[in-house]
Structures are given as C-alpha cells and as structure tokens.
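The sequence and structure go in here, ahead of the entries.

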Amino acid sequence: MSARQLSRADLARRCDPATLDPDLPLADESASAAGIVGQERARAAVEFGIATSHPGFHLFVMGPAGSGRRSLTRHVIGQHMARNGAHRQDWVYVHRFDRPHQPVALALPMGRGQRFRADMRELVHDLRTLIQAAFESEEYATQVEQIAGEFKERADAALTEVAQEAQRRDLAMIRTPMGLTLAPRENGEVMTPERFQALPEERRNEIQKAVSEVQERLLRTLRANMRMRKEHADRVRELDRSMTLMAVEHAVDDLKHRYADLPEVVHYLDAVRADVIENARDFRTHEEAEEGSAPPGESPVDLGRYEVNLVVDAGADATTPIIEADHPTYQNLVGRVDHVARFGALLTDFRLIKGGLLHRANGGYLLVDALKLVQEPYAWPALKRALQKREIRIESMAEMFSIVSTVQLEPDPIPLDAKVVLIGERWVCSLLQAHDPEFDELFRVVADVGDDMPRARHTEQGLARVLATHLAERQALPAGAPALACLLDHGVRLAGDSTRITAQVRRLLDVLLEAEHLARQRGAQRIEAADVQAAISASRERAARVHERERDAVQRHILMIATSGERVGQVNGLSVYQVGNEAFGTATRITATSRIGDGQVIDIQRETHLGGPLHTRGVLILTSYLAARYSRLQPHAIVASLVLEQTYGLVEGDSASLGELVALLSSIADVPVRQCHAVTGSVNQLGDVQAIGGVNEKIEGFFDICAARGLDGRQGVLIPQANVEHLMLREDVVEAVAAGRFHVHAVETVDDAVEVMTGMPLGVVGTAGSDTVNGRITRRLREYARLRRGEIRMMRRRVPGHGRVLFDEGDAP
Amino acid sequence: MTSGMPPAVSAQLQALLVDAATAPHVLEISTALARHLRRALDVVYVENAQALRAAALPFAQVLASSAARWAPLATPDLERAFRVQATRLREMTGRIALQASIQARLRVVRGVPAVVALELGTAGDLTLVGSGLASAVADPAPSPAISSRVVVAAVDDSPAGARTLAVAQDAAQALGCHLETVTLPPDSGWLTLEGQACRLLVLPRPRVDAARLAGLRHDTLLVG
C-alpha cells in the first residue's frame, strides 16, 4: 500500500448542532443530572460497591480530576439511599463514674440524643431543687443534730470522765494552742514550778505518776473519740443517702421508664442515681452555677459529670448522610479530645470529646480525597484501623507517641458502620495497591472512571445537557446548540480521538463559563459558537508564551526548520509539548549522517544523555530494521549518526523514529528529502508505521510554521494511517487542505513515507542496478561491505561540473 | 481589721476567743450581732495563763488532737504558738470584718479565760464567750445546716434580766433564730441546760461567776 493523501472528511468530524436539541432542555433526574455521561463500567462498579454490605468492600473511585468521579458516587449513593433508606443512630458520650478516664459511649435512636441531653439537664436541675429542699428540711436538721448531739455527748462524756479523773487526782486538764496538757493543781490553780520543786521528792513522783496515768487514759479516750467521729460521719452519710434516695428515686425512675427500650441508657441512669446519692453534698453547695457553664476543673463541685456530650446528632440532619472529607487529618477523621488550660494545667473530660468525620458518616458514607488522605500524617493508618476493627477509637496523638505521660481519656470505641469511598487519580490507587497490602483487603471495589467515552449521538446530547444544566444552576447565560457543538468538538480534541469525547466535564465547563463571560461582555443573550471558540483560543493564548517565542525563533531561522527545498539526510520531525492543560506541536530538524563502519547507529541524544528510554528504544528498533532489511547476507558495514537538532532538553518518545529512519535512509542512499514535508510516526522492526500521540497538535504546529512563511501547496505532514481516526484538526488547517494548499498523508509503512518524502521510486531491496532509493542503498551497503573486507579501495577524483567524486579504484577515470 | 479611733464603750460588742478552732463560729455570731446592733467588734484573744504555768513545769507534755503520742511542752514553744495563733485570728477577724462591713479589732490579753470574760464587763456591756471556754477538747464548729435555730434567754426579774431579754430578742433577729426564754432560779440558783439545743445563750452578767461560765457548754452572750 502506498501513502494516502487525506481529504477534508478525514481531518475532522465535527459535531452537528442539529443533532443537539434546539432548546436543550435541562437534565432531569437521569444520570446526567449528576454530571455523568457514559461511564457504564465505572457506574456498575460504584453501584456494586455502594450496594454491597460486606465488610472490606469499600470503594476506590479512580479517574482524572473533573471527570465526575464524585458526582457519580454521590448520584449512586443517592439512588441507593432512595431505595434502601439509611440506618443512623445518635451517639453520646457520658461520664463513667467508676473510671472517669474511660467515658461511656451510648447509642440512641436517631433524634433521641438531643432529647436525652435535655432530659439529663432537667434531671440535674430537678435534683438540685429536690436535694436542696430535702437537706434544708427541719426533719433533716433534727436528725443530724440528734446524731451530732449523740456523738458529742459520748465524746464529751468520755472526756469528762478523763477530766473528772484528773480532778480527782488534783490535776488540771488545760487546752493550749499546741494541744492538751495536764498539770497539778493547788487550791484550784495550776501549781507553779517553784512550788512543785519545793515538794518532797516522793510527792513529786506521785504527781508525775498521776499525770502519766491520766495522760495514758486521755490518749486512749482521744483515740476512741476519733473512731467515734468516723462513726458519726458514717451515720450522717447514711442519713444523707437516705434523704437523697427519696429525692432521686422518683426523678431517675421517671427517666428510666422513658428510656426503658435502651438497656445501656438505663444502666447509665442507675449509675447516675448511685453517684448522686453518694455525692448529694455537691447538689447542696452548687446552687448558683448552671450545669455545664463552668469549664471542667474550674469548680470544685462540678455537676458537669452528669452532662451528655452529643457527638453524633444524626437527627439534626435529615438528608442523606454523605460526608465529604475536605481536610482528612488524623483528628478530623477519628475525632479528638480537647483540653482547656486552667492555671497552667491542661484539663479535659468527656465533654471535650469531639467526634470526627467517621462519627458523622457512621451509618452513611464518607467520601475522602485519597491524595489528601495519604498526605496527612497518620490519617491513612487511622482510617485503616477503623475499617479493620469496624470501630472508631479516639486516641490522642500525644499519647500514641508518648509525648505526654499524663492520664488521657480513653473513650469507649464506637462501632463503625460506614461505607468509605476514596476518590483519587489512578496513580494514587496504584501506589496504594503496590505498597500497602491491606489496601486490597479494605478497598475491594475499584471503579475506574474513564478520561473519555465513546463519541455517539447520545453521549454528545447527554454531555450537552449536563453542560446546559450547569449553566442554569449558575444562573448563567444559556448556550445555543452551535456553541455546545463547538464545545463538544473541543471535548473531542481533548480526548485526542475523533471517535471519543472527553469525560472531564469540568474542563469543558471552564471553557463554557469563559465563553459565557465573553458573551455577557458583548451584551449577548446566549453563548454562541464564536464565544466558545474565543474562549478556547484565549485559554490557549494564555499558555502560549513559550510557543510564541519558539515560533518567532523558527521564523527568524534561529531554530532551523526548512519548509522548502531538498536535502540529504535531513527531515522535519514533529513533536508536542504540554504547558498547563494546553498542548503545542512544533517541528524539529532530524539529521542523519552515514559512513563506513561496523553496523552501529549512533543516537547522539542517547550518547549525551538527552534521550529518554522510549526514544532510545525507537532508535534501536530502526537500527534493527535497517540491518535486517538491507544487510541480511553481508556485513552491515555502516556507521550512522542521528540527532534531533537544536534540542537542549530531554527528548522522549518514539514518534520521531519514522523521521529518523527516513533521514538515515536518505543519508545512506544519498537521496535528498523534500523539506516541505514533516513526518511523525513510530516504526517497528518490520517497517510498519505505528500510531503516535498528539497528532492534531503536531500537524497544526507544522501548518502554523508553513502558513507563517506562506503556504505553497506542496507542504504537508505525513502521519501514521492508524492516527487518521484521531484527527480533529483546526478549521483553518482543514480549509487549507481542502483548498490544496496543505496536505496530510497517511502512511502505513516506512516505504510509503520514503517515497513521499524523497519523490524517488522505492525500488526493490537487493537490486543494485536501478536508480531507486533501495537500489542506491543496496549499492552503497555493498560498497561499504567490500571496503570492509578490503576487496576495493575508494578514491576521489575531480570530475568537471561535479567537484570531487568518490570512485571504486577500478572505476576511477 | 479596721483601724481608727476606738468606739465608745457602749458601742462595742466584745468577743472572747480562746483558740482558733472555735474562732470562726464565735466570729460569725459576733459579726452578725455587731452588724445588727450597729456596734464595733472588740475581739479579745486570751492567752491562757494556766497553760503557761503548766508549760513551765519540768514534766510538762502536750497531746495534739491529731498526734499519736504525748510530746514535751516548753514555755518558749507555747509562747510561739500563742503568737502564731494571734496572728491567724487577727487575719481572720480582719477578713470577716471586711466582708461584714463592720469595724473590728483584735487585742491580746493574758489571763484565765473565764476571769477575763467577766472582767471585760468593765469595758462593755455585751460580751460573747465561745463554748470552747469550758470544753477540754476543741470541738469542730457545727455546720450551719445542723445548727440549732434557737436563741435561749435566761432571765430573772431584775433590770439586768429585762435588759437580757431585750438583747436576746435582737440576737435572735440577727441570727435568724427564734427566741426561747428560761427563767433563772431566784437568788444564787443556776439553770440546767443539759441537752438543750441552742445556738446562743443570753445571760445577765451579774448572775454569772467564773466557775459557772467555765461550766457552760453553749456560746454565751453576757449582758450588763
């Protein structure tokens, strides 16, 4: 097959505005309402992932940003919820009275958490009133006084006995600031030291003995009194209990009855009752402070321990529980325990437990940006732990790393029943799959949202409808069908394939919104195709600084690109580069030289470490092709050098290999190459030309260079036949081709390309006699082989009109 | 403690303190009375002379209420303890006076408490004596919740008795208690108040001597 010159129809397949609804009704409740068109495979995966309730079947939705991953997920969840509803619960943390550092987590049916919190506040309020009243009653005062009087009487009696004993022995029992002392008396007064010293020794000894004995008795009495005080305190405490019980019983029982269907809550209320009874005094001394108003630790009698910390208030939000984790830090995910500073100390209690995203998503769905998640320290391991254990455990990071050794709260873990959906680019998913063996155990469903989708009427219409809906949601100007058709064409360009259309709705919407701005600026009532085209151009222009400089350099011949004439060993190659979201094509001169040698093709890019592996691979393939095709039965006695001229950075990709091969063959055959052509394509070892990327940008890049110099009707580009389907060229290029001012040739083999670019018949390989490209190559390679074997010697002779010419020794004139 | 010119004799209420344990209770009652009666408060702390004498004895020992055994007692130790106690009571008096917005001062005298209490009658007509005067062991002050709400006035037919009744009425009003009256036996007879719940006992000073005063188990206001 020979090269095929492409017609206008081959160069672009435009969207027909007539195929779009004239008024483009806005999207209904169909899938497109969520901004999703096509993506059936991804949709099926998401639907399965959302529907299945097996543990470990969490979901990773991967795909490029702006492709509707999130919208698709939300849409599927919404549909699932509409069919199956949601089972959510309120969760509260309450004080654990026997182990205050381990707050209790209680589950309540949705909406009853707030009620429970209010009930507990009311209970405390009531108890304060009731207990205060009970303890201020005359009955209580009388009983306390009776007990106190009884014990005081017993204590006094015991002391009185000691005092009487002392008195009998003529001793005085005296109270001093340091305690009690005993001294001998004389005439009702304490004996002076002088008088005591004046007593006979026997009397002094008697007195000292009496003092010792009374001292001993007093000591025993005081010890007994201490025991009595304890007994007294116990009796008063018991009285307090019974008084409190009367007040508490009714109030707590009323609550227990209200929550009888929740055994855990009833159990907690029992603990509350026991604690209130045990600590009734707190209710008597704390009347001025409202419960919960004082921070923990501020008041010595803080009734905040009866508070209810509602960490998940499912009833507050009746909408579908889809929680989007915008900032998935460790603490935002699993929750945290706050502290308050008081007098230099950090204090906390169960009231300062803050629920995280997992708490909020419990019973529902959590959507997390995978990249943000793995970038946040410890967030990914924390999420895995939660999913593996199916519980949310709030752990302080400081405690995890032993930064602080103080007692920290250890709240009860809360059972986790949420579906987690990670959303991210493919490489993030691959990274996790490759490096975390637990990833596959937890995220067993991976939905792959495509970058593009098949181009069909229904996808075009669906996409147009989605875009129109977005405009309506933003209260923007509407877009006419021609404008949307133009935008869809742009979507096809972004897909890089005329049979497909991009799925990146966001990029299209960005263009549309810019077009809307332009339309509004010119006072239009709707967006026209020209607005869209202007927006596309403007966007491209913003990214075109480097491209402009390069074009200028080409026009000034600083970058040497010939677009006319012929030259041996020189070919216009084509390359493409990316600036932001915009791709630009440009031409690059490829040159090749050849000489006698040992069969080597020197890739100067590779030798200078400016060639990437794909480029090197391409050169090696063409080397192999060359040797296998032309030197099967003789030594491949040639050395050739290849270079992409005036490139100063890394060259990657194998799309230049066809151009390199043509340049090389031109050099070996000593056949000039037409410089009006540029070529792109990769080759295999058999000489087939293979598809390359960025074909539209490459063609347009060379077209722009030629157009700037003036199209002469001979210029054109050779592309692989396999790329023809990808063509979606600019309208000016298409027009130029239609007018015969520019050409696009599709080639299937190297031979096709050589013929077009040299204008010389290809001939048959191995036939040295004909003046064809292959004939010349055959002849040259044989000569080199013979030279290598030493069978002939070459010599240069001056030939009039031809300068110095190389001859075989025997043929020289 | 407030300062300035000492009030006139009749404008004072005297309160006798013998230790720190009963001081809050005595000061609470005396402050309430002084405020109600619009009198300055003259707090008198008595350093017990009997205790000093006992401490001078060669075998003197002391047993603190919280201690497990007897310890040697020396006069310098006791003197130091008196000074410390006086400082504490001065601070306490100043604080309470400030809170109650009354004039108050504390002075220190040395003597036998019951005798000093009676001698104070020459400097004022109302003297409050804490129950600790008689008690061998300092009792903790009863909490307000379990205090009796009764003021007992012990009166006779004398003018001092009438004056006592009037003061007792004021005291009951000041303390938020109700008043009960008992009649003192004629001549030198004495009353028995064993088991009587009583926040304050009001007595005519002429009917009280040192021995009787030392034997009383209630906070007592001497009138006259």
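**Conventions.** I am working with a predicted model, in which local features need pLDDT of at least 70 and side-chain atom pairs count only at pLDDT 80 or more, while totals for chains, interfaces and linings use all residues. Residues are numbered from 1 along each chain as its sequence is written, chains are lettered from A and ligands numbered from 1 in the order in which they are written, and side-chain values use heavy atoms, with hydrogens and water left out.

**The two chains.** I looked up the secondary structure, taking helices (H or I, at least four residues) and strands (E, at least two) as DSSP runs numbered from the N terminus. Chain A has 28 helices and 33 strands, and chain B has six helices and 10 strands. For burial I used relative accessible area with a 1.4 Å probe and protein chains only: buried is under 20%, exposed is over 50%, and partly exposed lies in between. Of the 813 residues in chain A, 52% are buried; of the 224 in chain B, 51% are. Counting a contact as heavy atoms within 4.5 Å, I found that residues 24 or more positions apart make 75% of the chain A contacts with a separation of 6 or more, and 71% of those in chain B. By the Shrake-Rupley method with a 1.4 Å probe, chain A exposes about 37,500 Å², with 50% from carbon and sulfur atoms.

**Where they meet.** The contact draws 39 residues from chain A and 40 residues from chain B. Taking buried area as the accessible area (1.4 Å probe) that two parts lose on being put together, summed over both, I noted about 3,300 Å² between chain A and chain B, 63% of it on carbon and sulfur atoms. A:Arg175, A:Pro177 and A:Met178 supply 24% of the area that chain A buries there, more than any other three residues. I then searched this interface for salt bridges (a side-chain nitrogen of Lys or Arg within 4 Å of a carboxyl oxygen of Asp or Glu), and the rule finds zero.

**Helix H5 of chain A.** H5(A) covers residues 138–168 and reaches 42 Å from its first C-alpha to its last, close to the 45 Å expected, where the expected span is 1.5 Å times one less than the number of residues. Its buried residues include A:Tyr140, A:Phe151 and A:Asp156, and the buried residues pack against, among others, helix H4 (112–135) and helix H7 (201–258) of chain A. Just after H5(A), A:Asp170 has a positive phi of about 60°.

**Helix H18 of chain A.** H18(A), residues 481–495, reaches 21 Å, close to the 21 Å expected, and 13 of its 15 residues are buried. A:Gly496 follows, with a positive phi near 70°.

**Aromatic rings.** I paired rings of Phe, Tyr and Trp (its six-membered ring) with centres within 6.5 Å, calling planes under 30 degrees apart stacked, over 60 edge-to-face and the rest tilted. This gives 16 aromatic pairs over all chains. A:Phe439 and A:Phe443 have centres 5.4 Å apart and planes at 15°, so they count as stacked. A:Phe439 is buried at 0% relative accessibility, and A:Phe443 is buried at 1%. Elsewhere, ring pairs link A:Phe97, A:Phe116, A:Tyr259, A:Tyr268, A:Phe283 and A:Tyr306 into a cluster.
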